[in-house]
Amino acid sequence: MGRYADAFHRSIDDPETFWSEQAGLVDWFSQPERALDDSNPPLYRWFPGGTLNTCFNALDRHVVAGRGDQPALIYDSPVTGQQRSFTYAELLERVAAFAGALRQLGVAKGDRVLIYMPMIPEAVISMLACARLGAVHSVVFGGFAASELATRIDDALPDVLVAASCGIEPSRVVAYKPLLDKAISLASHRPRTCVVLQRPQGAAELDDEHDVDFEQAMRAGAADPAECVPVAATDPLYVLYTSGTTGKPKGIVRDNGGHAVALAWSMANVYDVHPGQVWWTASDVGWVVGHSYIVYAPLLVGATSVLYEGKPVGTPDAGAFWRVMAEHGVSGFFTAPTAIRAVKKEDPDGALRREHDLSALRTIFVAGERLDPDTYEWVTEQVGVPVVDHWWQTESGWPIVANLRGLEPMRLKPGSPSVPVPGWDVQVLDEHGQPASAGDEGAICVRLPLPPGALPTLWGDDDRYVASYLSAFDGYYLSGDSGYVDEDGYVYVMGRTDDVINVAGHRLSTGVIEGVLSQHPAVAECAVIGVADETKGQVPRGFVVLKTGAEIDEEALSAELVQAVRDEVGPVAVFRSVSVVPALPKTRSGKILRKSMREIAAGKDATVPSTIEDPGVLDTLRPLLRDP
Ligand code: COA
Ligand code: AMP
C-alpha cells in the first residue's frame, strides 16, 4: 500500500489512533484525554481535555526552539511601496504587546474581537493577539459594505473592533472608518471600543470617547505584554462569516486544538512545506484561505509567510506575482485561478514572467473555484512546476480533496483536484442518499465525523448547523457542491447546488443581492443568478419585475440598483447587470426557478420541473438569459 492509501485508510478506519498520533505536531499545556469525542452525534469534538494556545504554537515555541531570528512574515506592499520583514522574535514581541493592549481594553478569554483590516502586518498581529488571550476573532473582508459588517457585529457581539483607517485599492483609497461608523450605527449591538490603525494614505478622524489609536494602544501594551492564556482544544479560536443560501451569513466556528493539528498536518502532507521555507498565499486575511494559509498554517510549522498587499495585475503590472516569488525565494505559492486568468489576460505570452528567476519555486496550488484546463495549461507552461488544484471550503478550514504533494505526490489529472485527503471520507450521493456509481454526478458529501479543523458548529447556533449541513443525508456533511468520482477515485467538482456564487474567488450569496434589489420601491420581485465570466469565473446577474404602475426609466432603475448593491453588499459583489422582465418563472407554489434560469444562461438544456406555473414565462426569458 502506498503512503497515501495507508494514511487515508488509517484516518477513516481508526480516526482515534490516526489523529492521536498527529496531536504531537503541536505543543499542549495538557495533553488531550483522547482524540475524538463522539458522545454527542452528530456533533463531534476533537481532542477533549487538551489545553493549548494557538499563538504559542505559531510563535513562542519557534522562538524557544531557536528560530527567533528567522523571518516569520514578509510584508510586500506594492500599493504603498513598502516592504518589511518580521522575524519570529519580532512578531512575537508585537503580538504580545498588542495582546497586552487588548487586555487593557478589557478583552479576555472568550470575548469577541472584530477585525476589519486590509493585508497589513497589523491584521496578522491582531489575529494572533486574540489567539494569545483566548479571545475569538472575527475578520471581515474589506470589500464588504457597512450593512454586511453590521450583520456580523450583531451576530458575533464583539466588545472591541480593530480596524485600519483605510484600505488601498489600485483605483482608490477606501476609507474604512466611515464604513465602520455606519456599521455600528446600523447594528443593534454597541462595541465598547474601536482600535484604529492610522495609515498615512488616509487617516481617520477618531472620536475620543470610543476610539483608540492602534500605535498608542500598542505602546501601552508593550509596557505590560500578555502571556499565552491556555484554552481548551474545543474552545473557539475564531468565527468567520461565509455566504449561505439565505441572506444571513453563517458564522463558521473554528476551534483551537483540531485546527492547529489539522493545519500543521496539512502543511507537511498536502503542501510539502517545512520549517524555514518561504510560502506565499496570495489571497486576503478576510477569507478562510487567508486565515489558514497566510496566517496560521505557515507559522504553526515555522515557515516564512509572505503577506502581499497588492493585486495580480495593475500593482503595477502582470509581472507582480513573479516579482514577489523571485524576490523572496518563494518555494510554494497558493492563489485562486481567477488571479492567474487576470495575469494571463494581460501577459499572454509570459514576457513579464521571463523577467524573473523562479528557480526556488517548487509548486503552485490553486483553489476557490474550478481550475479550468486553459488556465492550468497556461500557468504550467509558464512556471514548469506542478500546478495543483485542490478543493475545500470555509467550513472545512483545510483541503478536503487534494494531491498530497508531501505525503505521496500523484498523477495530476486536469479538471480534478485529485483525491480525498486523509480524514475526509468523501462520498458522492444520489438524491436518495445512496452512493453514486463512478462517473455519476451527485451531491458531494463527507461521512461524519468530519476531521479535526472542520467546523464543529455555527456560532451560537447548533440547530442551524445541523439543519444546514447535516440533515440532508443522515450521517453525512453536505458540502453544497455537486460532482463525481472517476474509476481511479479522483474527485471532480462541478459547482454549487445552492444559491451561492463564486465571483473572482469570492463566495457570495445571491440571496443577499436579491434582498437589496427587492427593497427598491419600484421592484415587485427579483431573482439573481450567477453567470459565467471569462476572468472572474462567475458574476451576478439580476432580473427584476416592476410593481404594477411603477413609472421609472429602466436605465435609471438599473443604475440605482447597481449602486444599491455596491452600497449594501459591497463592491466585491461586482453587480453590474440587471434586466427588467415581465415575469419570473415559478413553480405553482411560487418558488422562483433559479436553477432552470442558471442552466439556460449556461447554455444547457434546462431541467424544468413539472410543477412549473407557466412554461411560457421561461420561454420568454430564454433569449435574454442566453444573450446578455
Ligand atoms: N477592499 C475594498 N474594496 C475591494 C477589496 C477590498 N479588500 N477587494 C476588492 N475590492 C473592490 C475592488 O476595488 C473593485 O472595485 P471597483 O468595482 O470599484 O473596481 C471590486 O471590489 C471588485 O474587485 P475584484 O473582484 O477584486 O476585481 P478586480 O477587477 O479589482 O480584480 C482579480 C480582479 C481577479 C485580480 C481579483 O479579484 C483577485 O485577485 N482575485 C483573487 C481572489 C482571491 O484571492 N480569493 C480568495 C480565494 S483563494
Ligand atoms: P469558500 O468557502 O469561500 O472557500 O468557497 C468554497 C466553495 O468554492 C466550494 O464550495 C466550491 O464551490 C468552490 N471551490 C473551492 N475550491 C474549488 C476547486 N478547487 N474546484 C472547484 N470549486 C471550488
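## Helix across the sheet

Contact here means heavy atoms within 4.5 Å. With that in hand, look at helix α5 (residues 121-133) in this predicted model. Helix α5 lies across β4, β5 and β17 (304-308), and runs at about 140° to β4.

Those strands belong to an open sheet of 7 strands, ordered β5-β4-β17-β16-β18-β19-β20, with mixed pairing. At the edges sit β5 (82-87) and β20 (387-389), each pairing on one side only. Ignoring direction, neighbouring strands of the sheet are turned by 20° against each other on average.

## Strand pairing around β17

Start with β4 (residues 71-77), which pairs with β5 in the antiparallel sense over 6 bridges. With β17, β4 pairs in the parallel sense, over 4 bridges. Leu73 shows up in both pairings: its bridge partner in β5 is Phe86, and its bridge partner in β17 is Ser305. Moving along, strand β16 (residues 278-281) runs parallel to β17 and is joined to it by 3 bridges. Here Trp279 stands opposite Ser305 in β17.

How enclosed is β17 by the rest of the structure? Largely, because 5 of the 5 residues of β17 are buried. In a regular strand, side chains alternate between the two faces of the sheet. For β17 both faces are covered: Thr304, Val306 and Tyr308 are buried on one side, and Ser305 and Leu307 are buried on the other.

## Salt bridges

The structure holds 32 salt bridges. Arg132 and Asp60 are both buried.

Another salt bridge joins Arg94 and Glu215, with the closest N and O atoms 3.3 Å apart. Since Arg94 is in helix α4 (residues 88-104) and Glu215 in helix α8 (residues 214-222), the pair ties together parts 121 residues apart in sequence. Arg94 counts as partly exposed at 22% relative accessibility, and Glu215 counts as partly exposed at 27%.

Then there's Asp486 with Lys413, whose side chains meet in a salt bridge of 2.7 Å, N to O. This one links distant parts of the chain, 73 residues apart: Asp486 is in the loop between β25 (476-485) and β26 (491-496), while Lys413 is in the loop between β21 (401-402) and β22 (419-420). Asp486 is buried, with a relative accessible area of 15%, and Lys413 is buried with 13%. The pair is part of a network of salt bridges linking Arg411, Lys413, Asp486 and Asp488.

## Two domains

The domain assignment gives domain 1 (87-229) and domain 2 (502-626). Their C-alpha centres lie 36 Å apart. Across the boundary, 8 residues of domain 1 are in contact with 10 residues of domain 2. About 650 Å² is buried between the two domains, and carbon and sulfur atoms give 51% of that area. As for salt bridges between domain 1 and domain 2, the count is 0.

## A look at Ser579

Ser579 is found in strand β31 (residues 577-580) and is buried, with a relative accessible area of 12%. Which residues does Ser579 touch, leaving aside those up to four places away in sequence? They are Arg541, Gly542, Phe543, Val544 and Leu624. From Ser579 to Thr51, 528 residues apart along the chain, the C-alpha separation is 55 Å.

Technical notes. Residues numbered from 1 in each chain as written. Chains lettered and ligands numbered in written order. Predicted model: local features only at pLDDT ≥ 70, side-chain atom pairs only at ≥ 80, totals over all residues. Heavy atoms only, no water. Helix = DSSP H or I, 4+ residues; strand = E, 2+ residues; numbered from the N terminus. Buried < 20%, exposed > 50% of the residue type's maximum accessible area, 1.4 Å probe, protein only. Pairing = 2+ DSSP bridges. Axes fitted to C-alpha atoms, helices over the stretch in contact; angles between N-to-C directions. Domains from an automatic or database assignment. Buried area = accessible area lost by both parts, 1.4 Å probe. Salt bridge = Lys/Arg side-chain N within 4 Å of Asp/Glu carboxyl O.
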